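Please keep the sequence and the model in view while going through the points.

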Amino acid sequence: MINRYKEQINAVCSTPHEVFFFEETDSTNLRAAEYIKEKKAQGGEVFIARRQSAGRGTRQRSFYSEGGLYMSLILKAEYACENLTPFAAVCVCRAIDSLFGTRCGIKWVNDVILGGKKLCGILCESCFTSNGLSSGYVIVGIGINTGVTFFPSELSGIATSLCLCGHKACDNALIAARILHEFEHGGIPFMDEYRSRSVILGRDVEVSGADGGKKRGIAVSIGDDGSLTIETDRGTERITYGDVFSI
């Protein structure tokens, strides 16, 4: 199986990638972080799994990972663009759309949406040394539900997969290759496309902050820095971090 991934990825990418494949692991982001801490990373390594037993989302939430493409890309921090999470979301959308003829949307800031439900989550993490210093690398974690046919009841109303959307012939290796191709050739600027794919702009939303506080308003704009501006009863507010839900 790993040879299939290597062949597809290195056929479309101008820079060779070292590929690590697991039928199942706890988290590809954790595998990538270990690799960095072992001082083996050069940048461009890709860790891929079909399942994760401890997949992670933002705020240390669990990420259901029972049949899909779960991949983590190591980048040298000096080559990582600003707004890396929005850029990764755009790359995923472009790759999926080009392969399946879809039109994926993005829910600020890191969810790729298809058919009104979450298809993919993205988790970008800086990696630090044991003494708290930057390792010089970042990890881009991308989890796409490709072959999932069943979600737990608490997720069935908000999550989907390519399979459930009618795309049952999913070649995970080809999808991974297309995403990495977009990372190499997607180009900047990309924020206009990020905004055009937004599923919340112009809608009434509720924003849940890290402190548990909630704000309601109309999502009016997304800045070039990735921040979200909402219009509330008290005026405009700029949001840089939080969970957003349409209401």
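Which residue caps the N-terminal end of α5?

1. The cap of helix α5. The model discussed here is a predicted one. The capping residue is Asp171, with a side-chain oxygen 3.1 Å from the backbone nitrogen of Ala173. Beyond the other end of the helix, just after α5, Gly187 adopts a positive phi of about 80°.

2. The length of helix α5. This helix covers residues 172–185, which is 14 residues.

3. An open sheet is formed by seven strands, and its order is β1-β2-β3-β7-β6-β5-β4, with mixed pairing. At its edges stand β1 (19–25) and β4 (105–107), each of which pairs on one side only. Ignoring direction, neighbouring strands of this sheet are turned against each other by 20° on average.

4. Strand β6, residues 117–128, pairs with β7 in the antiparallel sense, over eight bridges. Within this region, Ile122 is placed opposite Ile142 of β7. Helix α1 packs on the sheet, where it touches β1, β2 and β3, and its direction makes about 135° with that of β1. Helix α3 packs on the sheet as well; it touches β3, β4, β5 (111–114), β6 and β7, and its direction makes about 140° with that of β6.

5. Asn83. This residue is found in the loop between β3 and α3. Is Asn83 buried or exposed? Its relative accessibility is 19%, and because the limit for a buried residue is under 20%, Asn83 counts as buried. Apart from residues up to four places away in sequence, Asn83 touches Phe190, Met191, Asp224, Asp225 and Gly226.

6. Ser227. The side chains of Ser227 and Asp225 are joined by a polar contact of 2.7 Å. Asp225 is also one of the residues touched by Asn83. When neighbours within four places in sequence are left aside, Ser227 is in contact with Trp108, Ser221, Ile222, Arg238, Ile239 and Thr240.

7. The chain as a whole. The secondary structure consists of six helices and 12 strands. A compact globule of 247 residues would have a radius of gyration near 18 Å; the chain has 18 Å, and so agrees with that rule. Along the principal axes, the C-alpha atoms fill a box of roughly 55 × 45 × 35 Å. Of the 247 residues, 51% are buried. Among contacts in the chain with a separation of 6 or more, 63% are between residues 24 or more positions apart.

Methods
Residues are numbered from 1 along each chain as its sequence is written. This is a predicted model: local features need pLDDT of at least 70, side-chain atom pairs count only at pLDDT 80 or more; totals for chains, interfaces and linings use all residues. Side-chain values use heavy atoms; hydrogens and water are left out. Helices (H or I, at least four residues) and strands (E, at least two) are DSSP runs, numbered from the N terminus. The expected span of a helix is 1.5 Å times one less than its number of residues. A polar contact is a pair of N or O atoms within 3.5 Å; within protein, one must be able to donate a hydrogen and the other to accept it, and residues adjacent in sequence count only if both atoms are side-chain atoms. Two strands pair if DSSP finds at least two bridges between them. Axes are lines fitted to C-alpha atoms, for helices over the stretch in contact, and angles run from 0 to 180 degrees between N-to-C directions. Contact means heavy atoms within 4.5 Å. The radius of gyration is taken over C-alpha atoms; the globule rule is 2.2 Å times the number of residues to the power 0.38. Buried means under 20% relative accessible area, exposed over 50%, partly exposed in between (1.4 Å probe, protein chains only).
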